[in-house]
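Please keep the sequence and the model in view while reading.

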Amino acid sequence: MTDSTPRYAVEMNGIFKSFAKVKALEDVDLKVRPGTIHALLGENGAGKSTLMKILYGLYNADKGEILINGKSVQIRNPRAAIDLGIGMVHQHFMLVDNFTIAENIVLGHEVTRGFGVLNQDLANKNIAELGHKYGLDVDPKALIQDVSVATQQRVEILKALYRGIDILILDEPTAVLTPQEITSLIDTMHRLVEDGKTIIIITHKLKEIKAVAEYCTVIRRGKLIDTVLVDEVSQSDLANMMVGREVKLTTDKGERSIGDLVLSVSNLHVRDRRGVLKVHDLSLHLREGEILAIAGVDGNGQTELIDAITGLAQAESGQILMRGTDITNKQPRDVHEAGIRTIHEDRQKRGLVLDFTVAEDLVLETYDQAPYSRRGVLKWPVIHEHAADQIKRFDIRPKESARQKVRDLSGGNQQKVIVAREIHQNPSLLIACQPTRGLDVGAIEFVRKALVEQSTEGKAILLVSLELDEVFDLADRINVIYNGKIVADLNPAETNEQQVGLLMAGGEL
Amino acid sequence: MTSRWINLLRKPLTAIIISVLTGFIIGAVVLTASGYDALEAYRIMFSGIAGSPKYMAQVVVNAVPIILTGLSVAFAFRTGLFNIGAEGQFVMGALTGTMIGYYLPLPPIIHPIVIFALAFLVGGLYGALAGYLKNKFGIHEVISTIMLNWIAFYFNNYIVNLPGVKVESTLHANPILDSAKINFFSTAWRRSDAGREFIREHEILGEIVKTDLGAGIFVAIIFAFLLWFVLRHTTTGFELRAVGLNRFAAEFSGVPVKKSIFLSMFIAGGVAAVGGAILVLSTTNTVSVLSAQEGYGWDGISVSLIANGNPLAVLFSGLLFAALRYGGMLIQSKTGAPTEIINIMIGSIVLAVAVAPALPRLADYLSQRRAR
């Protein structure tokens, strides 16, 4: 680094931002050295995304100063950010589904032969070369709708690079990736910084920070906690800084006793809406007090399996027995009555009525039973009392939220509403589909502990997770699902993440 | 602005008041731009509404049918359905009222009650047909109810034209029996010696007696409270709202989604049909061959939108709507400005209500600016 190079690629000083009465950011500083990977760590709602949206020009700060490469700048909109060499890959991709990869990348910066005639061949060639350089190999002619989520993410990164950015913001980039894809992304990030780019990565996954980042800035409730050299701190240090208290990263499982057979699925076949056979001759079984984790890459039949068990989808053939009773192709209500409750993977679509109040969503399955109603008339005082109890027991925040719309709660607290509701039903079998997706460490700890408690009480837990950390933390037994089939039944003590990752990708041991 | 004023912007009542004022201001602008004296026009309109007990009673009479169609649309809306079919359901109710009112002789009091029950049933089934089509074939209720409106329209004309139904050399069916009427004061009584005496002796009541004021407004109030109670305090209402707000979560929680959609359209259809029956039992006493849709259902949509889908608020928005229409008629006769000005005002109010959710955000913005 020569003297003429500025000390920081990005310098944000004294940033304030509030929405209505809520202070999202209070006097936050961020200093990112050029050519480094800098992690931004914080719980959900801590303000890290807000800070980055200010840098990318999506929000304007109420107060504070931004310097890019040592120069004070005003970033009023994303266009200005891109002109300054700042790019951002959002958590939810912004791509045109029925355009090719190349068309998406050049959108707004098309290559022409003059007079507005597109030169798609040259664009394809440029993109292939650019991708190859950073380990982001893509087929420029493939349609977005036909490629995997990981590839879509590569396209987003390429789109930013194609616009000549030097500073790349990645918002929770690994949330949607498999372990192998994460490794590949990390490799790409290293190549980018070797090439002189600066990367800011928003995340709440501590392991990844340790794996990629040089510096880490921690934000808690809108305030700057500290910026640390990642090599000098442990994962627990980071977790404690983020949450503001001691956090356990692994769940203490204690004594467990496995009992009678609860669920047995045999030779199940399920087709999805398009008629594609997604669950193919699948069998599994689960006992009292046992946590069985279904590990697999998204889209290998997990959704269809759970839909078939819970009564949302029809099984083509095969049998589902719950404590010996056949519940194949029953209605959701019958499945509830058989003692099965589900934390659905899509909490906003299937789990919650977002425009209901917390109190209403907490009785979404029991409104027609005593004591919440009598002869068809709701008993609001009882429903609100119940809500107050559950809010206290499950630490749903804010504490006065019984009459608030669930929509206004953070993701973690929305999930707590579901967990509270399902556990309160005292089910024999609790199905938890990606129960901690998108949650921060504090909420993850809470949800995992609740699941373990349930299994200790003798409930059977069927955990579907894309996160191997979670699978290994919780499972008594791991079933790997690939192409609609259980391809391995493993004891976590006798296997490791690499083996399971390999099986998930269709490999063999 | 002080923070007290800013907080006032967050109140729902403020939104309604601002919306109504917006309607008046836009109406005034249009009147002025067309060369009329807006203040004079409004003065005439208000005196036409509040100038006499008779006028006010007439506003109530006119409000009842659109309160019922407004309730119908509002109820469906609260359960996630857009009932464009109140018009057709209303026609079915009016037709049922006329038929039962003429062909089925029953004692007074019982007669209208039976008519209301049957009108509710017929209109309910007619509305539920749209629910059935949605459940069975996935046909959106907006499409099916628009079609059903026309089917009801021509069905009405077919029935009225049947020999024995239509009164010879007129365009209307046989009027209902006296036992079916729900007016407080019958025409016969009004013309009797006792009636004339009463009108002469009671200044205010005497005026009201001259209108068709009847039990209809009580029926409207009962339905408004009933629907509010169903939505807010019953398990059925809970299910219907859950389905309306997120049918996927409702389905997963074990709520019978299809049954809910069917039931919701049944109730909505029934309520609109009772509106039709009230019109017949209190005002028209018969149904005629229709040459165009009468618009009660369509007005119900505006009434429901102004009330933001709240059944209790529909009572007030229905009265407002009827008052504007009634007072507006005078504008044309006294100042020459076309009555359509009222439609412009109502349209502006509906639009303003739709925009009103922005007010709390405006309040946020203002308080933020103050904080800086």
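The domain bounds used here come from an automatic or database domain assignment. On that basis chain B is divided into domain 1 (1–36 + 337–372) and domain 2 (53–335). The model is predicted, and for this reason local features need pLDDT of at least 70 and side-chain atom pairs count only at pLDDT 80 or more, while totals for chains, interfaces and linings use all residues. Residues are numbered from 1 along each chain as its sequence is written, chains are lettered from A and ligands numbered from 1 in the order in which they are written, and side-chain values use heavy atoms, with hydrogens and water left out.

**The two interfaces**

Contact is taken as heavy atoms within 4.5 Å, and buried area is the accessible area (1.4 Å probe) that two parts lose on being put together, summed over both. A salt bridge is a side-chain nitrogen of Lys or Arg within 4 Å of a carboxyl oxygen of Asp or Glu. A polar contact is a pair of N or O atoms within 3.5 Å, where within protein one must be able to donate a hydrogen and the other to accept it, and residues adjacent in sequence count only if both atoms are side-chain atoms.

| Interface | Residues in contact | Buried area | Share from carbon and sulfur |
|---|---|---|---|
| Chain B and chain A | 22 residues from chain B, 30 residues from chain A | about 2,500 Å² | 61% |
| Domain 1 of chain B and domain 2 of chain B | 15 residues of domain 1, 12 residues of domain 2 | about 1,200 Å² | 75% |

Between chain B and chain A the rule finds two salt bridges, and one salt bridge joins the side chains of A:Arg350 and B:Glu251 (2.8 Å, N to O). The count of residue pairs in polar contact between these chains, both at pLDDT 80 or more, is 14. On the side of chain B that touches chain A, two or more residues each come from helix 11 (216–233), helix 12 (235–245), helix 13 (247–252) and helix 18 (358–371) of chain B, where helices (H or I, at least four residues) and strands (E, at least two) are DSSP runs numbered from the N terminus. Helix 12 of chain B gives the largest share of that side, six residues.

Within chain B, the centres of domain 1 and domain 2, taken over C-alpha atoms, are separated by 30 Å. Across the interface of these two domains of chain B the rule finds zero salt bridges, and four residue pairs are in polar contact, both at pLDDT 80 or more. The domain 1 side that touches domain 2 of chain B draws two or more residues each from helix 2 (12–33) and helix 17 (340–355) of chain B, and its largest share, eight residues, comes from helix 17 of chain B.

**Local surroundings**

B:Asn149 lies in helix 7 (residues 141–161) of chain B. B:Asn149 counts as buried because its relative accessibility is 2%, buried being under 20% relative accessible area, exposed over 50% and partly exposed in between (1.4 Å probe, protein chains only). The side chain of B:Asn149 reaches the backbone oxygen of B:Ile84 at 3.1 Å.

In chain A, the buried residues of helix 8 (residues 235–243) include A:Leu238, A:Met241 and A:Val243. Among the elements that cover the buried residues of helix 8 of chain A are strand 3 (37–41) and helix 15 (441–456) of chain A. After helix 8 of chain A comes A:Gly244, with a positive phi near 85 degrees.
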